[in-house]
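Me: I would like to learn how to read a few features of a protein model, and I would be glad if you took them slowly, giving me the general idea before the particular case.

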Amino acid sequence: MTTLLERPEDMLRDLRDRLGPQAVLIGNEVPARNCNDWSASLPQTPLAVIRPLDAAGVAAAIATCRKASLPFVPQGGLTGLCRGAAPEPGWVAISLERMTGIEEIDRASATMTVKAGTPLETIQRAADEAGFFFPLDLGSRGSCAIGGNLSTNAGGNRVIRYGMTRELVLGLEVVLPDGTVITNLNKLMKNNAGYDLKHLFIGSEGTLGIITRVVLRLFPKPRSTMAALCALKDYAAVVALLDAARSGLGPLLSAFEVMWPDYWEVITARAGVKPPIAAGHGLYVLVEAQGTDESIDAPRFQAWLEELMERGLLADAAVAQSLAQTQKFWAVRDICAEFAQVLGPHISYDIGLAVARMDEFAARCKAALADGIKGCESVYYGHIGDGNLHLVSWVTGLPIERQPKEAMDAIIYGLVREMGGSVSAEHGIGTLKKQWLGHARSDAEIALMRTLKAALDPDHLLNPGKVI
């Protein structure tokens, strides 16, 4: 016979008595923000939201969920696009939204220790104020949390120079699915003492443990930033420009963003952006370089561009003359974060492909979507220098729940598989891409993922059904 204290709601109220009234929100107290991420899916209200202040609070939350046999999902900024942090009815959300702040900046080791709920933009600013640079950067920087960035191994704008998020992390504190707290806030670049366990959790989308604190690598603050918006006649010229940037700019090259004409048409005709280069070209590229001496770097960047113009590689180019102009150039690329207002309901995709085949994919995919789905439009853009293409597709006039996502998925991911790509370059798998994981991973790889999940979470209570 079940006693009153054994009911899940009463267990949660008991946890609230221990953690404080703001730490546990139950039933009608659950905020709308905790019911979904940024994906094109319908919100689901969890049974409760637990908002701890530290790893001990997370462990207490897990203990309560396990005692009540309640599935639980970790949440950060909830800016994901694959339902990796989204709850299901009857689940408990463990939100890290109150676990924010910079704990330490160690100048000697060039590291920053932060709580996992800290927004990315807060970390960027703290690094800047301390005279350092933290290179991870993406359009949702003001909303996303660093723990979520780690959980999806986020990429963003400067992967071509600094690598994915996992390359920017030295140490972690993680709470395991059984409530065990693993604290290894390592600051050492060289540490080969056994398995490097942090890589189990980075990119695992909150299915193997809940990250609570992080030691991040910092880099010297750039003393010069150069940017140019370039127009090119075709994709062969884009590949040639990438090769020229790698060889001509070397370690200065920090970003290489490519935009197809359909993207350019959307941002200029529909979003009202006024870029410094006219429409009518084959493709558009934003090139950024960062260095240590503006008196040397800026003339070098200008001379590099002039040489390319003389060779006829560039059809047109505009060079930023100030930081404000550089930010305006980036606004051309970052406007995609406002596509919900510009395009209305749409589906976002994030794929990985060999650089040489990006344009082929864009052309074939655009034609296949238009032919296979009545009224379907799509636009293409991405971090081409690191093999990451983004696209959005939609049918005008249809609400999000009626967008033909299944048909879009089949066309897009089928082509990705045919061309030897990845169904996720940086956004993760969550639940929305789970059925397509086999398009990018072998049966043996997926079997090993299941083994790891079962070893760490044999009861399958931590974010069950996500990724695999």
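**Reading a cavity and its salt bridges**

Reply: The largest cavity has a volume of about 40 Å³, where a cavity is a set of points on a 1 Å grid over the protein atoms alone at which a 1.4 Å probe fits but cannot get out, and a volume is the space filled by probe spheres set on those points, which are joined across faces, edges and corners. This is a predicted model, in which local features need pLDDT of at least 70 and side-chain atom pairs count only at pLDDT 80 or more, while totals for chains, interfaces and linings use all residues. Residues are numbered from 1 along each chain as its sequence is written, and side-chain values use heavy atoms, with hydrogens and water left out.

Me: How many cavities of 30 Å³ or more does a search of the whole structure find, and which residues line the largest cavity?

Reply: The search finds one. Lining residues have an atom within 4 Å of a point, and for the largest cavity they include Asp137, Arg158, Tyr162 and Leu168. The lining divides into five nonpolar, two polar and two charged residues, with Ala, Val, Leu, Ile, Met, Phe, Trp, Tyr, Cys and Pro counted as nonpolar, Asp, Glu, Lys and Arg as charged, and the others, Gly among them, as polar.

Me: What is a salt bridge, and how many does the structure hold?

Reply: Side chains of opposite charge can pair when their charged atoms come close. Here a salt bridge is a side-chain nitrogen of Lys or Arg within 4 Å of a carboxyl oxygen of Asp or Glu, and the structure holds 29 of them. In one of them, the side chains of Asp334 and Arg141 meet at 3.3 Å, N to O. Asp334 lies in helix 10 (residues 323-334) and Arg141 in the loop between strand 7 (132-133) and helix 4 (146-151), so the pair ties together parts 193 residues apart in sequence; helices (H or I, at least four residues) and strands (E, at least two) are DSSP runs, numbered from the N terminus.

Me: Is Arg141 buried or exposed?

Reply: Buried means under 20% relative accessible area, exposed over 50%, and partly exposed in between, using a 1.4 Å probe and protein chains only. Arg141 is buried because its relative accessible area is 19%.

Me: Which residues are linked with Arg141 in a network of salt bridges?

Reply: The network links Arg141 with Asp137, Arg158, Glu288 and Asp334, and Asp137 and Arg158 also belong to the lining of the largest cavity.

Conventions: On a 1 Å grid over the protein atoms alone, a cavity is a set of points where a 1.4 Å probe fits but cannot get out, and a pocket is an open set with protein on both sides within 12 Å along at least five of seven lines; lining residues have an atom within 4 Å of a point.
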